[in-house]
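Please study the sequence and the model before reading the solutions.

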Amino acid sequence: MSWIAFAGKELFRKRIFPVTFVLSLLFVSLFTFGVYKISTNFEGHVETLAGNVSDSIVLMTLGLLFSQMIIAFFILFTTMGAISGEIENGLMLAILSRPIPRWKVYLGKYAGYAFWLVLYAAIMYFAIMMPVHYLLHFPMLPLTLLKTFLLFIWTPLLLLAVCMLGSTFLPMLGNGVACAMLYGLSMFSGFAENIFNKVGENEMVSRFAFLLKLLMPANSMLNRITFELLDGLELPLPTQAVESMGPFATFNVPSNAFVGYTIVYLIIILALGCFGFRKKDIA
Amino acid sequence: MIILQTDRLSKTYASGTGCSNISLTIKQGQIFGLLGPNGAGKSTFVKMVVGLLRPDSGSGTLFGKPIGDPESRVKLGYLPELFRFQDWLTGAEVLRYHAGLCGMTRAQTKSASFAARIKEVFRTCGLNERGYDRVRQYSKGMQQRLGLACALLMDPDFIILDEPSSALDPIGRYEVRQLLERLRSEGKTVFLNTHLLEDVEAVCDEVAFLHKGQLRASGPMQEMLRTDSSWELTVSGWLPELQEELSEQLLPGMAVEVTKKAADGSAVLKVSAHNREQIGYLIRLLVEEGVTVYEVVPVQGSLEAWFLSMSGGEAAGGARS
């Protein structure tokens with residue numbers, strides 16, 4: 001509880017959360033306005049249900065993608081100096097000389113940030129999904145909603161762990177750049193793979209994308225979310241509708257085993273961070 | 001009771017600086033001063049003791065537990081050098097946060113008794129009501145006072161202060177000295193890491209001198225400052241020509257210098273000699289020349305002179321401290 005309260009004070013008093021909320025509200029408002037305009041365009045026109053649903057999927061995927069990117073930037077800028085920054089500016093000197101094992105400090109900081117991050121991600125997730133559901137009448141089953149919500153908040157938790165691990169070994173700015181590039185590469189490789197797969201599988205691109213997925217599973221989780229949202233709905237979509245979504249198509253949907261891998265991934269990343277922090281000299 | 005004991009504790013940075021083979025013993029109830037020029041390796045040594053740095057070699061115990069073990073730091077209060085606190089918190093929130101790090105629950109840190117404790121340390125360290133302001137609004141001196149409050153918060157038995165007076169004005173320095181005296185009277189042990197000699201001279205029982213990462217000397221302050229080679233003689237009946245006459249009869253290694261001279265024949269002589277026997281010999285010569293010797297006082301070395309002699313009059317040469 002103390003770590004959560006402490007992280008909350010930091011995020012609010014440094015005005016990170018207020019600023020993020022205002023800008024997020026702007027993003028969500030624009031998104032909702034877009035959804036509303038599309039929904040009104042459908043009215044009074046003879047449209048196929050399939051076309052309606054297809055547009056809803058693209059909009060929803062775009063909304064989820066951009067909200068994930070906003071959350072990713074929030075994580076990067078908030079936590080790129082979580083360890084190294086606090087060492088560099090002397091905050092850690094008084095903290096680590098207390099009778100507390102370093103791994104507890106590390107995991108405490110992770111838990112504190114994670115709590116507020118999940119809260120923010122939850123707000124963003126429902127702010128995207130609700131307009132799509134109510135204005136575009138996109139069908140959502142409660143179980144699907146729960147599964148996709150968990151997957152949606154999972155990626156930020158992974159990115160947070162990676163960012164804190166990087167912060168244990170790299171200076172603040174270097175870590176920010178490294179994590180942003182890793183996240184960007186992960187997303188780009190996923191999009192590139194989808195585009196290449198549309199014209200026939202490219203082994204080299206697929207292999208490269210797979211390696212990046214192992215390093216940073218952000219894009220895979222987004223693919224899985226899209227897949228989960230469509231799976232089992234028995235939507236009246238043309239056979240090629242989803243595949244024609246270009247970079248947002250759901251080729252190579254990550255398996256349950258891959259989702260399981262991300263759990264192991266998180267545990268390993270956190271363990272590595274704790275180990276690295278324990279061994280680190282605070283000069 | 002031994003509070004801290006280190007045995008050949010060493011830490012070398014990639015630049016080749018740090019400190020090596022530092023063996024020290026700190027006993028309960030004393031104020032121990034670690035002296036040395038900037039970059040001598042004082043802070044490196046302290047950081048190893050409080051678990052911030054991992055020693056390359058050697059070992060040490062704090063309250064009987066290996067240094068680096070969090071358990072060894074339960075009764076420790078530490079004021080780091082060049083520290084910062086979370087400037088988005090108030091001073092009181094910083095203290096509550098540190099209490100949490102020391103194992104107190106959130107409910108305990110919010111209790112009335114702990115609020116009273118916070119108030120008490122704020123008063124002790126001269127922060128008073130300003131302790132409830134945001135750290136962002138503090139001057140450097142106030143941040144230093146908050147650092148002191150943080151070090152004293154959990155009523156530690158052993159307090160390590162790394163340059164505690166560095167950001168304080170003369171009044172603040174005086175208050176810190178008073179505080180150190182009070183801590184000693186309460187049976188606390190204080191380790192003072194500083195290059196401010198007046199602080200050390202005023203309060204320390206024992207001192208150690210570190211230079212270029214090496215321990216040059218360690219022991220009780222009076223012992224460190226005692227010098228057997230210089231005496232001051234107050235005499236009367238002194239005549240200017242006596243100096244030349246005496247110099248012909250002095251033993252090898254002896255020298256006489258007149259530091260004060262009055263028209264009535266009284267004078268103060270500064271005498272260099274190897275031992276007290278040589279001083280006895282000089283007194284006999286003076287008496288034979290008709291000089292009256294009123295007082296013979298061994299010259300106590302100043303801490304500044306000792307500091308300069310230990311460091312050879314040079315700084316550590318940019319070594320990391």
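**Exercises on chains B and A**

B:Leu76 stands opposite B:Phe158, a residue of S8(B). This is a predicted model, in which local features need pLDDT of at least 70 and side-chain atom pairs count only at pLDDT 80 or more, while totals for chains, interfaces and linings use all residues. Residues are numbered from 1 along each chain as its sequence is written, chains are lettered from A and ligands numbered from 1 in the order in which they are written, and side-chain values use heavy atoms, with hydrogens and water left out.

**Exercise 1.** Determine how S7(B) is joined to strand S8 of chain B.

*Solution.* Strands are DSSP runs of E with at least two residues, and helices are runs of H or I with at least four. Two strands pair if DSSP finds at least two bridges between them. Here four bridges join S7(B) to S8 (residues 158-162), and the two run parallel.

**Exercise 2.** Describe the sheet of chain B that has six strands.

*Solution.* The sheet is open, with mixed pairing and the order S7-S8-S9-S4-S10-S11. Its edges are S7 (76-79) and S11 (214-220), each of which pairs on one side only.

**Exercise 3.** State the secondary structure and burial of chain A.

*Solution.* Chain A has 11 helices and zero strands. Among its 283 residues, 55% count as buried, that is, under 20% relative accessible area with a 1.4 Å probe, protein chains only. Chain A exposes about 12,700 Å², of which carbon and sulfur atoms supply 73%; these areas come from the Shrake-Rupley method with a 1.4 Å probe.

Definitions and conventions: Buried < 20%, exposed > 50% of the residue type's maximum accessible area, 1.4 Å probe, protein only.
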